[in-house]
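Hello,

Here is the structure I promised to pass on. Please open it first, then read my notes below.

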Amino acid sequence: LIEDLNKDLSEITGFAAVSAQPNSGATGEYAGLLAIKDYLEAKGEGHRDICLIPKSAHGTNPASATMAGMKVVVVDNDDNGNIDQVDLKAKIAKHESNLAAFMVTYPSTFGVFEEGI
């Protein structure tokens, strides 16, 4: 049933494939990161393997990124629990040629709804 549904949805949308993978929680994180990784590899940019993750992220975020074959670089938070914009910009600049993703939990584990990103 699910295989037929995926095939039908693929035909309707024009996508090469469709996944029935849950799109929430750690499973969704992992599926999303694998999609990013496959996309970059298909573009010939498979060397992009850095995933920026805020210190305020859930514990599953770095675990999902590592399982997807990415290297985790932690972004600091300010005193209010927000992502430190200066540190974020510095890490983007430092890793720009290998940057694959910036993974944000919303709201953060600290309960902060980021307004600056």
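Helices (H or I, at least four residues) and strands (E, at least two) are taken as DSSP runs, numbered from the N terminus. Counted that way, the protein has four helices and three strands. Bear in mind that this is a predicted model.

Start with the overall layout. From the N terminus on, the elements follow the order α-α-β-α-β-α-β. The C-alpha trace spans about 50 × 35 × 25 Å along its principal axes.

Next, the sheet. The three strands form an open sheet in the order β2-β1-β3, and the pairing is parallel. Strands β2 (71–75) and β3 (99–102) sit at the edges, and each of them pairs on one side only. From one strand to the next, the twist averages 30°.

Strand β1 covers residues 50–54. Five bridges join β1 to β2, and the two run parallel. For a landmark, find isoleucine 50: lysine 71 in β2 stands opposite.

Last, the surface. Where is the patch of negative charge? Look for Glu3, Asp4, Asp8 and Glu11, which gather there on the surface. One of these residues, aspartate 4, lies in helix α1, which runs over residues 2–13.

That is what I found. Over to you.

Best wishes

Conventions. Residues numbered from 1 in each chain as written. Predicted model: local features only at pLDDT ≥ 70, side-chain atom pairs only at ≥ 80, totals over all residues. Heavy atoms only, no water. Patch = residues over 30% accessible without salt bridge, like charges linked within 9 Å, V, L, I, M, F, W, Y side chains within 5 Å. Areas by Shrake-Rupley, 256 points an atom, 1.4 Å probe, with all protein chains shown as cover. Salt bridge = Lys/Arg side-chain N within 4 Å of Asp/Glu carboxyl O. Lys, Arg positive; Asp, Glu negative; His and termini not counted. Charge placed at Lys NZ, Arg CZ, Asp CG, Glu CD. Pairing = 2+ DSSP bridges. Axes fitted to C-alpha atoms, helices over the stretch in contact; angles between N-to-C directions.
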